[in-house]
Amino acid sequence: MDYVNAPGRNHLFVPGPVNVPESVLRAMNRNNEDYRSPAIPAMTKTLLEDVKKIFKTTSGTPFLIPTTGTGAWDSALTNTLSPGDRTISFVIGQFSLLWVDQQQRLGFNVDVVESEWGRGADLDVLASKLAEDTAHTIKAVCIVHNETATGVTNNLAAVRKLLDHYNHPALFLVDGVSSICALDFRMDEWGVDVALTGSQKALSLPTGMGIVCASPKALEASKTAKSVRIFFDWKDYLKFYKMGTYWPYTPSIQLLYGLRAALDLLFEEGLENVFARHNRLATATRLAVEAWGLKNCTQSEEWLSDTVTAVVVPPYIDSAEIVRRGWQRYNLSLGLGLNKVAGKVFRIGHLGNLNELMLKDKLKVLGYSDCNQIILRESRESLPRVYCVKLEIS
Ligand SMILES: Cc1ncc(COP(=O)(O)O)c(C=O)c1O
């Protein structure tokens, strides 16, 4: 994509990384500090306590790891499983596909359950696999809560129900990268064994911190899991937790202060209000898509995502062209279609520290009927047909 210096500030509407609020930016604007001073362990202790609230857990043990979502996957898998272990994992889009790839490269025996992109995890297949597995060869069920590539949210309560129904002891590992802090996430209630997220998504922090939370059962599994891990070994963290110094290696001081400020914002608003706000913004986006006469990639209401909407464009439009035009003309960053849906969808991220006014502007500029300014239009210059649609969002 050619670089063009469009005027104005960048309007970041990809589904992560997201905008960082001013108060968080200011909180991070500080010098390095000695992480062995009394101040940092004291702050870390309260952060670890408070971060449990975003997972809705009291029994989980959180780890704040200098990494991204991909590293958090690694941490979840290598601490709980051994090479050769059988996992069930669902491919419903690019991120669930990448997680499966990681599991395969770690030497697990991955039982892949695929769905058409735009659909959720096939829980009927999971049910039959759990029913057949009386010998309990399945060691873990791995699922992405919210598939960011297609805007599909899986039903985690239903997965737990199936595990309980078949009295199956498999670990329940969940990628909550584009859900936690935006969608209701109930680690204890759903019996999730490892949940994880990345700082640059709904927490609205810069990239660089993976947050992983392990249930007592996952911690127990980590005592015998044979996957090689060094940097991500929970054992090292736990040793330092016990000592009260908390850090096996140098943490990013700035991100810790940022996390404090980000959590304060979330708690001040109230998590339930944060979820309701995400639902409002997602509903407005879906109404806008409908008004444009376009389709949502998500194939059924049960899977609609409140953090990202993947918009299917007509076959004569390349969705990458819409993203390119938005960026060149308005300094607007939208998400590209990835892999199987490249060129077919573009994605609007509506997660993190965001309000109605910010989103409304983007939706208007995308769909407005001024043909000179429109982004959603025929991209082939030889066919100057304009995709004019009016947009009204309430
Ligand atoms: C659902 C999901 N899982 C994992 C990842 C990978 O996270 P990262 O890019 O921070 O490594 C992403 C990234 O967008 C994601 O959306």
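Axes are lines fitted to C-alpha atoms, for helices over the stretch in contact, and angles between N-to-C directions run from 0 to 180 degrees. The model described here is predicted.

In this model, helix 3 (residues 69-80) and helix 4 (residues 94-105) have axes that come within 11 Å and cross at roughly 45 degrees. The two helices, helix 3 and helix 4, are therefore oblique to each other. The crossing of helix 3 past helix 4 is right-handed. Helix 3 contributes Trp73, Asp74 and Leu77 to the contact, and helix 4 contributes Trp99, Gln102 and Gln103.

The residues surrounding the ligand include Gly16, Thr68, Phe95, Asp175 and Gly198.

The sheet is open and mixed in its pairing, with 7 strands in the order 2-10-9-8-5-3-4. Strand 2 (61-66) and strand 4 (109-114) are the edge strands, each pairing on one side only. From one strand to the next, the twist averages 20 degrees. Strand 8 (residues 171-175) and strand 9 (residues 194-198) run parallel and are joined by 3 bridges. Opposite valine 174 stands alanine 195 of strand 9. Helix 4 packs on the sheet, where it touches strand 3 (86-91), strand 4, strand 5 (138-144) and strand 8. The direction of helix 4 makes about 160 degrees with that of strand 3.

Conventions:
Residues are numbered from 1 along each chain as its sequence is written. This is a predicted model: local features need pLDDT of at least 70, side-chain atom pairs count only at pLDDT 80 or more; totals for chains, interfaces and linings use all residues. Helices (H or I, at least four residues) and strands (E, at least two) are DSSP runs, numbered from the N terminus. Angles under 35 degrees count as roughly parallel, over 145 as roughly antiparallel, 65 to 115 as roughly perpendicular and the rest as oblique. A crossing is left-handed if the near helix is turned anticlockwise from the far one by less than a right angle, and right-handed if clockwise. Two residues are in contact if their C-beta atoms, placed from the backbone, lie within 7 Å. A residue is near a molecule or strand if its C-beta atom, placed from the backbone, lies within 6 Å of it. Two strands pair if DSSP finds at least two bridges between them.
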